[in-house]
Amino acid sequence: MGIRSVVSKPLAKWVVERQREWMYQPADAQQRWFKRLVDGGRTTIFGRDHHFKDVETVSDFQQAVPVRDYEDLKPYIEQILAGGTDVLWKGKPLYFAKTSGTTSGTKYIPITSDSIPNHINSARDALLNYINETGNGAFLDKKLIFLSGSPELDQKAGINIGRLSGIANHHVPAYLRTNQLPSYETNIIDDWEAKLERIIDETLTQPMSLISGIPPWVQMYFDRIQERTGKLIKDVFPDFSVFVYGGVNFEPYRAKLYESIGKRIDSIETYPASEGFIAFQDTQTEEGLLMLLDSGIFFEFIAADEYFTENPRRLTISEVELGKNYAVIINNNAGLWGYSIGDTVKFVSRDPYRLLVTGRIKHFISAFGEHVIGEEVEKALQHAMQQHPETEVVEFTVAPMVSPKDGLPYHEWLIEFATPPHDSAAFARDLDNRLTKLNVYYEDLITGAILQPLKLTNLPRGAFQRYMKSQGKLGGQNKVPRLANDRKIADGLLATSL
(Lines give C-alpha, C1' and ligand atoms only; values in the text may rest on other atoms or scores of the structure.)
Protein backbone atom coordinates (compact mmCIF):
# COMPACT_ATOMS: atom_id res chain seq x y z
CA MET A 1 0.00 0.00 0.00
CA GLY A 2 1.43 3.37 -1.06
CA ILE A 3 1.73 6.56 0.96
CA ARG A 4 -1.10 8.29 -0.93
CA SER A 5 -3.66 5.61 -0.14
CA VAL A 6 -2.50 5.41 3.50
CA VAL A 7 -2.80 9.16 4.06
CA SER A 8 -6.07 9.43 2.16
CA LYS A 9 -8.11 7.44 4.67
CA PRO A 10 -7.75 9.69 7.76
CA LEU A 11 -8.12 12.72 5.50
CA ALA A 12 -11.29 11.24 4.01
CA LYS A 13 -12.71 10.55 7.49
CA TRP A 14 -11.99 14.14 8.58
CA VAL A 15 -13.60 15.64 5.45
CA VAL A 16 -16.75 13.52 5.80
CA GLU A 17 -17.08 14.38 9.51
CA ARG A 18 -16.86 18.10 8.73
CA GLN A 19 -19.30 17.64 5.88
CA ARG A 20 -21.93 16.20 8.22
CA GLU A 21 -21.95 19.47 10.18
CA TRP A 22 -23.76 21.21 7.33
CA MET A 23 -25.41 18.22 5.61
CA TYR A 24 -27.96 18.00 8.42
CA GLN A 25 -28.28 21.75 9.03
CA PRO A 26 -28.65 22.89 5.42
CA ALA A 27 -30.84 25.96 6.00
CA ASP A 28 -28.36 27.32 8.56
CA ALA A 29 -25.44 26.78 6.18
CA GLN A 30 -27.27 28.55 3.37
CA GLN A 31 -28.25 31.48 5.60
CA ARG A 32 -24.61 31.93 6.66
CA TRP A 33 -23.53 32.05 3.03
CA PHE A 34 -26.33 34.44 2.12
CA LYS A 35 -25.11 36.92 4.73
CA ARG A 36 -21.43 36.50 3.82
CA LEU A 37 -22.12 36.96 0.12
CA VAL A 38 -24.27 40.07 0.51
CA ASP A 39 -21.72 41.56 2.91
CA GLY A 40 -18.96 40.78 0.42
CA GLY A 41 -20.84 42.36 -2.45
CA ARG A 42 -21.99 45.59 -0.79
CA THR A 43 -19.10 47.75 -2.00
CA THR A 44 -18.97 46.39 -5.55
CA ILE A 45 -20.37 48.21 -8.54
CA PHE A 46 -23.09 45.55 -8.80
CA GLY A 47 -23.87 45.87 -5.08
CA ARG A 48 -24.25 49.63 -5.31
CA ASP A 49 -26.38 49.34 -8.46
CA HIS A 50 -28.70 46.92 -6.64
CA HIS A 51 -28.76 48.65 -3.24
CA PHE A 52 -27.08 45.91 -1.25
CA LYS A 53 -26.75 48.39 1.64
CA ASP A 54 -30.50 47.98 2.18
CA VAL A 55 -30.54 44.17 1.84
CA GLU A 56 -31.04 42.33 5.12
CA THR A 57 -33.24 39.37 4.23
CA VAL A 58 -33.60 36.93 1.33
CA SER A 59 -36.85 38.70 0.44
CA ASP A 60 -35.00 42.04 0.29
CA PHE A 61 -32.41 40.47 -1.96
CA GLN A 62 -34.98 38.97 -4.33
CA GLN A 63 -36.68 42.37 -4.62
CA ALA A 64 -33.36 44.04 -5.42
CA VAL A 65 -31.77 41.42 -7.70
CA PRO A 66 -33.72 39.94 -10.62
CA VAL A 67 -33.03 36.52 -12.04
CA ARG A 68 -30.65 36.97 -14.93
CA ASP A 69 -28.87 35.05 -17.65
CA TYR A 70 -25.53 35.77 -19.26
CA GLU A 71 -26.83 38.53 -21.53
CA ASP A 72 -28.05 40.43 -18.46
CA LEU A 73 -24.68 39.96 -16.75
CA LYS A 74 -22.63 40.82 -19.82
CA PRO A 75 -22.34 44.61 -19.22
CA TYR A 76 -20.61 43.90 -15.91
CA ILE A 77 -18.32 41.31 -17.51
CA GLU A 78 -17.38 43.88 -20.17
CA GLN A 79 -16.44 46.35 -17.42
CA ILE A 80 -14.06 43.76 -15.95
CA LEU A 81 -12.59 42.99 -19.40
CA ALA A 82 -12.03 46.73 -19.83
CA GLY A 83 -9.89 46.75 -16.67
CA GLY A 84 -12.48 47.47 -14.00
CA THR A 85 -12.11 46.28 -10.41
CA ASP A 86 -14.67 45.62 -7.67
CA VAL A 87 -17.30 45.11 -10.36
CA LEU A 88 -19.12 41.88 -9.42
CA TRP A 89 -16.89 40.82 -6.52
CA LYS A 90 -14.03 42.48 -4.72
CA GLY A 91 -10.90 42.98 -6.79
CA LYS A 92 -10.57 41.17 -10.10
CA PRO A 93 -11.38 37.57 -11.01
CA LEU A 94 -8.55 35.09 -10.86
CA TYR A 95 -9.85 33.46 -14.06
CA PHE A 96 -12.58 33.62 -16.64
CA ALA A 97 -13.93 30.19 -17.52
CA LYS A 98 -14.70 30.34 -21.23
CA THR A 99 -17.76 28.42 -22.32
CA SER A 100 -20.08 28.37 -25.30
CA GLY A 101 -23.65 29.60 -24.96
CA THR A 102 -26.51 28.55 -27.22
CA THR A 103 -27.58 32.19 -27.72
CA SER A 104 -24.77 34.27 -26.26
CA GLY A 105 -21.77 33.02 -28.22
CA THR A 106 -18.68 32.76 -26.01
CA LYS A 107 -19.38 33.35 -22.34
CA TYR A 108 -16.80 34.45 -19.77
CA ILE A 109 -17.72 33.19 -16.30
CA PRO A 110 -15.69 34.72 -13.45
CA ILE A 111 -13.77 32.56 -10.98
CA THR A 112 -12.21 34.42 -8.07
CA SER A 113 -9.63 33.54 -5.44
CA ASP A 114 -12.60 33.12 -3.07
CA SER A 115 -14.56 30.82 -5.40
CA ILE A 116 -11.76 28.57 -6.71
CA PRO A 117 -11.90 26.35 -3.56
CA ASN A 118 -15.49 25.47 -4.48
CA HIS A 119 -14.27 23.96 -7.75
CA ILE A 120 -11.10 22.30 -6.48
CA ASN A 121 -12.10 21.11 -3.00
CA SER A 122 -15.41 19.71 -4.25
CA ALA A 123 -13.66 17.53 -6.83
CA ARG A 124 -11.27 16.36 -4.10
CA ASP A 125 -14.10 15.68 -1.65
CA ALA A 126 -16.00 13.56 -4.17
CA LEU A 127 -13.03 11.15 -4.21
CA LEU A 128 -12.58 11.32 -0.43
CA ASN A 129 -16.24 10.48 0.21
CA TYR A 130 -15.78 7.42 -2.01
CA ILE A 131 -12.61 6.39 -0.17
CA ASN A 132 -14.25 6.85 3.24
CA GLU A 133 -17.23 4.68 2.28
CA THR A 134 -15.50 1.91 0.34
CA GLY A 135 -12.01 1.86 1.84
CA ASN A 136 -10.59 1.82 -1.68
CA GLY A 137 -7.75 4.32 -1.76
CA ALA A 138 -5.37 2.11 -3.72
CA PHE A 139 -6.24 3.86 -6.99
CA LEU A 140 -4.33 6.93 -5.75
CA ASP A 141 -1.07 4.96 -5.93
CA LYS A 142 -1.45 4.21 -9.64
CA LYS A 143 -1.97 6.43 -12.70
CA LEU A 144 -4.94 8.78 -13.05
CA ILE A 145 -6.24 10.19 -16.31
CA PHE A 146 -8.47 13.24 -16.73
CA LEU A 147 -9.85 13.61 -20.27
CA SER A 148 -10.28 17.37 -20.26
CA GLY A 149 -9.91 20.56 -22.21
CA SER A 150 -6.57 22.21 -22.80
CA PRO A 151 -4.86 23.71 -19.72
CA GLU A 152 -3.28 26.37 -21.94
CA LEU A 153 -4.64 29.78 -20.87
CA ASP A 154 -5.04 33.09 -22.69
CA GLN A 155 -5.22 36.50 -21.07
CA LYS A 156 -7.54 39.48 -21.20
CA ALA A 157 -7.18 42.54 -18.97
CA GLY A 158 -4.53 40.62 -17.02
CA ILE A 159 -6.97 37.78 -16.26
CA ASN A 160 -6.27 34.17 -17.27
CA ILE A 161 -8.93 32.68 -19.55
CA GLY A 162 -9.55 29.05 -20.43
CA ARG A 163 -11.94 26.11 -20.24
CA LEU A 164 -12.99 25.15 -16.70
CA SER A 165 -11.41 21.71 -16.99
CA GLY A 166 -8.19 23.32 -18.20
CA ILE A 167 -8.20 25.80 -15.31
CA ALA A 168 -8.84 22.98 -12.83
CA ASN A 169 -5.82 21.18 -14.29
CA HIS A 170 -3.59 23.91 -12.87
CA HIS A 171 -4.88 23.15 -9.38
CA VAL A 172 -4.35 19.40 -9.24
CA PRO A 173 -2.63 18.82 -5.88
CA ALA A 174 1.13 18.41 -6.07
CA TYR A 175 0.95 14.92 -4.55
CA LEU A 176 -1.13 13.74 -7.52
CA ARG A 177 0.79 15.49 -10.29
CA THR A 178 3.40 12.75 -10.48
CA ASN A 179 0.79 10.14 -11.40
CA GLN A 180 -1.53 12.33 -13.48
CA LEU A 181 -1.89 11.76 -17.22
CA PRO A 182 -1.85 12.92 -19.96
CA SER A 183 1.22 15.13 -19.98
CA TYR A 184 0.86 18.89 -20.30
CA GLU A 185 2.35 18.75 -23.81
CA THR A 186 -0.32 16.29 -24.92
CA ASN A 187 -3.14 18.01 -23.09
CA ILE A 188 -2.65 21.30 -24.96
CA ILE A 189 -3.09 19.73 -28.41
CA ASP A 190 -6.10 21.43 -29.98
CA ASP A 191 -7.16 18.73 -32.43
CA TRP A 192 -9.11 16.17 -30.38
CA GLU A 193 -8.40 13.19 -32.62
CA ALA A 194 -4.65 13.88 -32.67
CA LYS A 195 -4.74 14.50 -28.92
CA LEU A 196 -6.56 11.23 -28.33
CA GLU A 197 -3.93 9.23 -30.20
CA ARG A 198 -1.19 10.86 -28.10
CA ILE A 199 -3.13 10.14 -24.91
CA ILE A 200 -3.32 6.48 -25.88
CA ASP A 201 0.42 6.47 -26.63
CA GLU A 202 1.10 7.80 -23.13
CA THR A 203 -1.35 5.62 -21.21
CA LEU A 204 -1.39 2.27 -22.98
CA THR A 205 1.45 0.75 -20.98
CA GLN A 206 0.70 2.52 -17.70
CA PRO A 207 -1.11 1.13 -14.60
CA MET A 208 -4.26 3.23 -15.06
CA SER A 209 -6.50 3.06 -11.98
CA LEU A 210 -8.85 6.04 -12.34
CA ILE A 211 -10.30 7.44 -15.56
CA SER A 212 -12.34 10.64 -15.56
CA GLY A 213 -14.27 12.35 -18.35
CA ILE A 214 -17.58 12.84 -20.12
CA PRO A 215 -18.89 9.34 -21.03
CA PRO A 216 -19.05 9.71 -24.86
CA TRP A 217 -15.44 10.92 -25.03
CA VAL A 218 -14.28 8.19 -22.62
CA GLN A 219 -16.05 5.69 -24.87
CA MET A 220 -14.12 7.03 -27.85
CA TYR A 221 -10.89 6.56 -25.86
CA PHE A 222 -11.88 2.97 -25.09
CA ASP A 223 -12.86 2.27 -28.71
CA ARG A 224 -9.49 3.46 -30.00
CA ILE A 225 -7.62 1.38 -27.42
CA GLN A 226 -9.58 -1.71 -28.45
CA GLU A 227 -8.86 -1.02 -32.12
CA ARG A 228 -5.14 -0.94 -31.32
CA THR A 229 -4.96 -3.87 -28.94
CA GLY A 230 -7.97 -6.10 -29.65
CA LYS A 231 -8.39 -6.41 -25.87
CA LEU A 232 -11.02 -5.43 -23.32
CA ILE A 233 -10.12 -2.42 -21.18
CA LYS A 234 -9.87 -4.59 -18.03
CA ASP A 235 -7.12 -6.58 -19.74
CA VAL A 236 -5.30 -3.44 -20.90
CA PHE A 237 -5.70 -1.69 -17.51
CA PRO A 238 -6.11 -4.42 -14.85
CA ASP A 239 -5.80 -1.78 -12.08
CA PHE A 240 -8.69 0.31 -13.42
CA SER A 241 -11.23 0.49 -10.55
CA VAL A 242 -12.86 3.94 -10.51
CA PHE A 243 -14.65 5.88 -13.24
CA VAL A 244 -15.46 9.55 -12.54
CA TYR A 245 -17.90 11.31 -14.82
CA GLY A 246 -20.25 14.27 -15.10
CA GLY A 247 -21.95 16.50 -17.61
CA VAL A 248 -24.46 14.00 -19.04
CA ASN A 249 -26.76 11.25 -17.83
CA PHE A 250 -24.67 8.07 -17.63
CA GLU A 251 -27.51 5.61 -18.30
CA PRO A 252 -27.53 5.72 -22.15
CA TYR A 253 -23.78 4.98 -22.14
CA ARG A 254 -23.54 2.56 -19.21
CA ALA A 255 -24.06 -0.75 -21.06
CA LYS A 256 -21.61 0.06 -23.86
CA LEU A 257 -18.93 1.40 -21.47
CA TYR A 258 -19.12 -1.64 -19.21
CA GLU A 259 -19.03 -3.94 -22.22
CA SER A 260 -15.86 -2.19 -23.39
CA ILE A 261 -14.34 -2.47 -19.92
CA GLY A 262 -15.36 -6.12 -19.54
CA LYS A 263 -16.46 -5.84 -15.90
CA ARG A 264 -18.43 -3.53 -13.64
CA ILE A 265 -16.41 -0.98 -11.72
CA ASP A 266 -17.28 1.72 -9.20
CA SER A 267 -18.30 5.08 -10.60
CA ILE A 268 -18.51 8.55 -9.06
CA GLU A 269 -20.86 11.10 -10.59
CA THR A 270 -20.06 14.79 -10.27
CA TYR A 271 -21.99 17.95 -11.15
CA PRO A 272 -19.48 20.68 -11.94
CA ALA A 273 -20.35 23.80 -13.93
CA SER A 274 -18.33 26.84 -14.89
CA GLU A 275 -20.53 28.81 -12.51
CA GLY A 276 -19.83 26.51 -9.58
CA PHE A 277 -19.45 22.92 -8.43
CA ILE A 278 -23.04 22.06 -7.51
CA ALA A 279 -23.09 18.47 -6.24
CA PHE A 280 -21.32 15.12 -6.19
CA GLN A 281 -22.13 11.49 -5.48
CA ASP A 282 -21.27 11.01 -1.82
CA THR A 283 -22.34 7.37 -1.52
CA GLN A 284 -22.46 4.23 -3.64
CA THR A 285 -25.70 3.05 -1.98
CA GLU A 286 -28.17 5.97 -2.24
CA GLU A 287 -29.73 7.65 -5.25
CA GLY A 288 -28.76 11.19 -6.16
CA LEU A 289 -25.92 13.65 -5.69
CA LEU A 290 -25.23 15.53 -2.47
CA MET A 291 -25.92 19.23 -2.99
CA LEU A 292 -23.00 21.34 -1.76
CA LEU A 293 -24.71 23.86 0.50
CA ASP A 294 -21.62 25.11 2.36
CA SER A 295 -19.26 25.92 -0.49
CA GLY A 296 -19.54 29.60 -1.38
CA ILE A 297 -22.93 29.46 -3.11
CA PHE A 298 -26.37 30.60 -1.96
CA PHE A 299 -28.90 28.67 -4.04
CA GLU A 300 -32.36 29.61 -5.20
CA PHE A 301 -34.79 27.46 -7.15
CA ILE A 302 -37.66 28.17 -9.52
CA ALA A 303 -40.20 25.48 -10.37
CA ALA A 304 -39.54 24.59 -14.01
CA ASP A 305 -43.19 24.94 -14.96
CA GLU A 306 -43.17 28.52 -13.60
CA TYR A 307 -39.80 29.57 -14.99
CA PHE A 308 -41.12 31.40 -18.05
CA THR A 309 -44.00 33.11 -16.24
CA GLU A 310 -43.81 36.83 -15.44
CA ASN A 311 -43.02 36.63 -11.71
CA PRO A 312 -41.94 33.10 -10.80
CA ARG A 313 -41.49 32.35 -7.13
CA ARG A 314 -37.86 32.00 -6.00
CA LEU A 315 -37.43 29.31 -3.37
CA THR A 316 -34.67 28.60 -0.86
CA ILE A 317 -33.40 25.10 -0.15
CA SER A 318 -35.84 24.56 2.73
CA GLU A 319 -38.81 25.23 0.42
CA VAL A 320 -38.14 22.71 -2.36
CA GLU A 321 -40.24 19.56 -2.71
CA LEU A 322 -39.20 16.06 -3.66
CA GLY A 323 -39.83 14.85 -7.21
CA LYS A 324 -40.36 18.30 -8.74
CA ASN A 325 -38.20 19.88 -11.44
CA TYR A 326 -36.48 23.14 -10.53
CA ALA A 327 -34.28 25.58 -12.41
CA VAL A 328 -31.10 26.30 -10.43
CA ILE A 329 -30.26 29.93 -9.57
CA ILE A 330 -26.92 30.69 -7.95
CA ASN A 331 -25.37 33.59 -6.05
CA ASN A 332 -21.70 33.11 -5.30
CA ASN A 333 -18.37 34.57 -4.25
CA ALA A 334 -17.32 34.90 -7.87
CA GLY A 335 -19.91 37.67 -8.26
CA LEU A 336 -22.75 35.81 -9.95
CA TRP A 337 -26.02 37.22 -8.61
CA GLY A 338 -29.45 35.75 -9.30
CA TYR A 339 -27.77 33.83 -12.11
CA SER A 340 -29.71 31.11 -13.89
CA ILE A 341 -27.22 28.43 -14.92
CA GLY A 342 -29.80 26.86 -17.26
CA ASP A 343 -29.96 23.44 -15.59
CA THR A 344 -32.95 21.70 -14.05
CA VAL A 345 -32.71 19.36 -11.07
CA LYS A 346 -35.06 17.14 -9.08
CA PHE A 347 -34.58 16.37 -5.41
CA VAL A 348 -34.78 12.73 -4.35
CA SER A 349 -33.86 13.32 -0.68
CA ARG A 350 -34.07 16.18 1.82
CA ASP A 351 -32.13 14.53 4.65
CA PRO A 352 -29.57 15.25 3.34
CA TYR A 353 -30.43 17.12 0.14
CA ARG A 354 -29.62 14.91 -2.84
CA LEU A 355 -30.62 15.63 -6.42
CA LEU A 356 -30.69 14.35 -9.96
CA VAL A 357 -29.81 16.54 -12.92
CA THR A 358 -32.85 16.38 -15.20
CA GLY A 359 -31.95 18.60 -18.15
CA ARG A 360 -31.71 22.16 -19.42
CA ILE A 361 -34.45 24.70 -18.87
CA LYS A 362 -34.19 25.86 -22.49
CA HIS A 363 -33.58 22.41 -24.00
CA PHE A 364 -37.05 21.05 -24.60
CA ILE A 365 -39.47 20.32 -27.40
CA SER A 366 -42.70 22.24 -27.24
CA ALA A 367 -43.52 22.83 -30.88
CA PHE A 368 -47.17 22.01 -30.08
CA GLY A 369 -47.30 22.64 -26.33
CA GLU A 370 -45.98 19.21 -25.29
CA HIS A 371 -42.94 20.53 -23.35
CA VAL A 372 -40.97 17.29 -23.49
CA ILE A 373 -37.82 17.61 -21.36
CA GLY A 374 -34.45 15.87 -21.21
CA GLU A 375 -35.30 13.62 -18.28
CA GLU A 376 -38.30 12.23 -20.17
CA VAL A 377 -36.44 11.36 -23.38
CA GLU A 378 -33.62 9.74 -21.39
CA LYS A 379 -36.09 7.63 -19.42
CA ALA A 380 -37.92 6.65 -22.60
CA LEU A 381 -34.66 5.58 -24.23
CA GLN A 382 -33.59 3.64 -21.16
CA HIS A 383 -36.93 1.78 -21.20
CA ALA A 384 -36.64 0.91 -24.90
CA MET A 385 -33.10 -0.36 -24.40
CA GLN A 386 -34.31 -2.60 -21.57
CA GLN A 387 -36.96 -4.03 -23.90
CA HIS A 388 -34.30 -4.61 -26.57
CA PRO A 389 -31.23 -5.68 -24.54
CA GLU A 390 -29.11 -6.28 -27.64
CA THR A 391 -29.20 -2.53 -28.32
CA GLU A 392 -26.23 -0.26 -27.59
CA VAL A 393 -26.46 3.51 -28.09
CA VAL A 394 -23.50 5.75 -28.87
CA GLU A 395 -25.34 9.09 -28.84
CA PHE A 396 -28.73 10.60 -29.61
CA THR A 397 -30.75 13.80 -29.91
CA VAL A 398 -34.42 14.61 -30.57
CA ALA A 399 -35.96 17.37 -32.70
CA PRO A 400 -39.45 18.27 -33.95
CA MET A 401 -40.47 17.84 -37.58
CA VAL A 402 -43.12 20.52 -37.82
CA SER A 403 -43.84 20.46 -41.56
CA PRO A 404 -43.15 17.00 -43.01
CA LYS A 405 -43.73 16.37 -46.69
CA ASP A 406 -46.41 13.82 -45.84
CA GLY A 407 -48.66 13.25 -42.86
CA LEU A 408 -48.79 14.78 -39.41
CA PRO A 409 -45.86 16.43 -37.61
CA TYR A 410 -43.72 14.24 -35.37
CA HIS A 411 -40.67 14.06 -33.15
CA GLU A 412 -37.58 12.74 -34.89
CA TRP A 413 -35.15 10.70 -32.80
CA LEU A 414 -31.69 10.70 -34.36
CA ILE A 415 -29.72 7.85 -32.81
CA GLU A 416 -26.26 6.51 -33.50
CA PHE A 417 -26.22 2.87 -32.43
CA ALA A 418 -23.19 0.79 -31.60
CA THR A 419 -25.54 -2.18 -31.92
CA PRO A 420 -28.94 -1.38 -33.46
CA PRO A 421 -32.13 -3.11 -32.30
CA HIS A 422 -33.15 -6.22 -34.20
CA ASP A 423 -36.56 -4.65 -34.81
CA SER A 424 -36.28 -0.88 -35.29
CA ALA A 425 -40.04 -0.41 -35.65
CA ALA A 426 -40.70 -2.16 -32.32
CA PHE A 427 -37.92 -0.11 -30.69
CA ALA A 428 -39.57 3.11 -31.94
CA ARG A 429 -42.96 1.96 -30.66
CA ASP A 430 -41.52 1.21 -27.23
CA LEU A 431 -39.90 4.65 -27.17
CA ASP A 432 -43.15 6.34 -28.13
CA ASN A 433 -45.30 4.35 -25.72
CA ARG A 434 -43.03 5.16 -22.80
CA LEU A 435 -42.91 8.85 -23.71
CA THR A 436 -46.71 9.04 -23.74
CA LYS A 437 -46.70 7.62 -20.20
CA LEU A 438 -44.08 10.12 -19.04
CA ASN A 439 -45.64 13.23 -20.62
CA VAL A 440 -49.43 13.62 -20.61
CA TYR A 441 -49.32 16.56 -23.05
CA TYR A 442 -47.43 14.47 -25.59
CA GLU A 443 -49.97 11.67 -25.10
CA ASP A 444 -52.84 14.11 -25.72
CA LEU A 445 -51.24 15.28 -28.96
CA ILE A 446 -50.77 11.70 -30.16
CA THR A 447 -54.28 10.55 -29.23
CA GLY A 448 -55.75 13.78 -30.60
CA ALA A 449 -54.09 13.18 -34.00
CA ILE A 450 -52.10 16.41 -33.81
CA LEU A 451 -48.81 14.52 -33.81
CA GLN A 452 -48.05 11.14 -35.29
CA PRO A 453 -45.83 8.72 -33.31
CA LEU A 454 -42.13 9.50 -33.28
CA LYS A 455 -39.87 8.46 -36.13
CA LEU A 456 -36.47 6.88 -35.63
CA THR A 457 -33.53 7.91 -37.80
CA ASN A 458 -30.59 5.52 -37.52
CA LEU A 459 -27.41 7.54 -38.06
CA PRO A 460 -24.19 5.93 -39.34
CA ARG A 461 -21.29 5.30 -36.99
CA GLY A 462 -19.26 8.40 -36.29
CA ALA A 463 -22.13 10.76 -37.14
CA PHE A 464 -22.01 12.69 -33.88
CA GLN A 465 -18.22 12.92 -33.95
CA ARG A 466 -18.32 14.33 -37.48
CA TYR A 467 -21.00 16.81 -36.52
CA MET A 468 -19.12 17.99 -33.42
CA LYS A 469 -15.94 18.29 -35.46
CA SER A 470 -17.78 20.43 -38.03
CA GLN A 471 -18.81 22.72 -35.16
CA GLY A 472 -15.29 22.88 -33.70
CA LYS A 473 -16.50 21.11 -30.55
CA LEU A 474 -14.96 17.65 -30.78
CA GLY A 475 -13.73 16.28 -27.47
CA GLY A 476 -13.06 17.94 -24.13
CA GLN A 477 -16.16 18.83 -22.14
CA ASN A 478 -18.43 19.45 -25.16
CA LYS A 479 -21.70 17.56 -25.45
CA VAL A 480 -24.65 17.44 -27.83
CA PRO A 481 -27.96 18.65 -26.34
CA ARG A 482 -30.45 15.84 -25.86
CA LEU A 483 -33.23 17.81 -27.52
CA ALA A 484 -34.05 21.16 -29.07
CA ASN A 485 -37.14 23.04 -30.12
CA ASP A 486 -35.75 23.60 -33.62
CA ARG A 487 -33.93 21.51 -36.23
CA LYS A 488 -30.53 23.21 -36.26
CA ILE A 489 -28.70 20.27 -34.65
CA ALA A 490 -30.80 17.61 -36.39
CA ASP A 491 -30.24 19.13 -39.83
CA GLY A 492 -26.52 19.53 -39.09
CA LEU A 493 -26.27 15.87 -38.12
CA LEU A 494 -28.08 14.75 -41.24
CA ALA A 495 -25.92 16.99 -43.45
CA THR A 496 -22.64 15.66 -42.03
CA SER A 497 -23.94 12.07 -42.27
CA LEU A 498 -24.39 12.15 -46.04
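Axes here are lines fitted to C-alpha atoms, for helices over the stretch in contact, with angles running from 0 to 180 degrees between N-to-C directions. This is a predicted model, in which local features need pLDDT of at least 70 and side-chain atom pairs count only at pLDDT 80 or more, while totals for chains, interfaces and linings use all residues. Residues are numbered from 1 along each chain as its sequence is written, and side-chain values use heavy atoms, with hydrogens and water left out.

**View 1. Helix α14 meets helix α15.** The axes of α14 (residues 374-387) and α15 (residues 424-438) come within 8 Å and cross at roughly 135°; helices are DSSP runs of H or I with at least four residues, strands runs of E with at least two, numbered from the N terminus. That angle makes α14 oblique to α15 (under 35 degrees is roughly parallel, over 145 roughly antiparallel, 65 to 115 roughly perpendicular, the rest oblique). Look for Phe 427 and Leu 431 of α15, among the residues making the contact (heavy atoms within 4.5 Å).

**View 2. Helix α1 crosses helix α6.** Here α1 (residues 3-23) and α6 (residues 116-134) have axes that come within 8 Å and cross at roughly 105°, so the two are roughly perpendicular. Val 15 of α1 and Leu 128 of α6 are among the contact residues.

**View 3. Phe 52 pairs with Trp 337.** Their ring centres are 5.0 Å apart and their planes at 85°, so the pair is edge-to-face (centres within 6.5 Å; planes under 30 degrees apart are stacked, over 60 edge-to-face, the rest tilted; Trp counts by its six-membered ring). Both Phe 52 and Trp 337 are buried (under 20% relative accessible area, with exposed over 50% and partly exposed in between; 1.4 Å probe, protein chains only).
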